[in-house]
Amino acid sequence: MAKEEKPKRVKLVVNPGAGAVSKAPQKLEEVVGYLTEAGLKVDVAMARPKKKAIPITRKALKAGYDTIVAMGGDGTIGVVIRGMAGSEARLGILPAGSSNDIANSLGIP
């Protein structure tokens, strides 16, 4: 009998003020749906990048998350990266900002 694997947990750090704010709830619902369908257990944290994203990211790492997904613009992605500095965790990027320069420079559509 095969041992049932637990779904992998990911922390999704979302900036609700990034990009087209009116579409944010729909985008978030779609993203959570896709990640869940992929077999991931998604824990969402809403964070304005300058105030909350670094502490949320660091707390997630201490809680054992090895994948952090940043959903927002360049500011959100940048502070999540700073919060992850020195860790061996993986970073996921879901560009949802206005210009998305970081994602574009990495070839992420």
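Before we start, one term: two residues are in contact when they have heavy atoms within 4.5 Å of each other. Keep in mind too that this is a predicted model.

**Stop 1: helix α1.** Select residues 24-37. That's α1, with 14 residues, and it reaches 20 Å from its first C-alpha to its last, close to the 20 Å expected at 1.5 Å a residue.

Now colour Ala 24, Leu 28, Val 31 and Leu 35, the buried residues of α1. They sit on the same side of α1, because they cover an arc of only 65° around the axis. What do these buried residues pack against? Show β1 (8-14), β2 (40-46), β3 (67-72) and β4 (90-95), and you have the answer.

Before moving on, click Gly 39, which follows α1. Its phi is positive, near 90°.

**Stop 2: helices α2 and α3.** Select residues 49-62 for α2 and residues 74-84 for α3. These two helices pack at an angle of about 40°, with their axes 8 Å apart. α2 and α3 are therefore oblique to each other, and their crossing is right-handed.

**Stop 3: where they touch.** Show side chains on both helices. From α2, pick Pro 49, Ala 53, Ile 54, Thr 57, Arg 58 and Leu 61. Across from them in α3, they meet Gly 75, Thr 76, Val 79, Val 80, Arg 82, Gly 83 and Met 84.

Methods:
Residues are numbered from 1 along each chain as its sequence is written. This is a predicted model: local features need pLDDT of at least 70, side-chain atom pairs count only at pLDDT 80 or more; totals for chains, interfaces and linings use all residues. Side-chain values use heavy atoms; hydrogens and water are left out. Helices (H or I, at least four residues) and strands (E, at least two) are DSSP runs, numbered from the N terminus. The expected span of a helix is 1.5 Å times one less than its number of residues. Buried means under 20% relative accessible area, exposed over 50%, partly exposed in between (1.4 Å probe, protein chains only). The arc is that of the directions from the helix axis to the C-beta atoms. Axes are lines fitted to C-alpha atoms, for helices over the stretch in contact, and angles run from 0 to 180 degrees between N-to-C directions. Angles under 35 degrees count as roughly parallel, over 145 as roughly antiparallel, 65 to 115 as roughly perpendicular and the rest as oblique. A crossing is left-handed if the near helix is turned anticlockwise from the far one by less than a right angle, and right-handed if clockwise.
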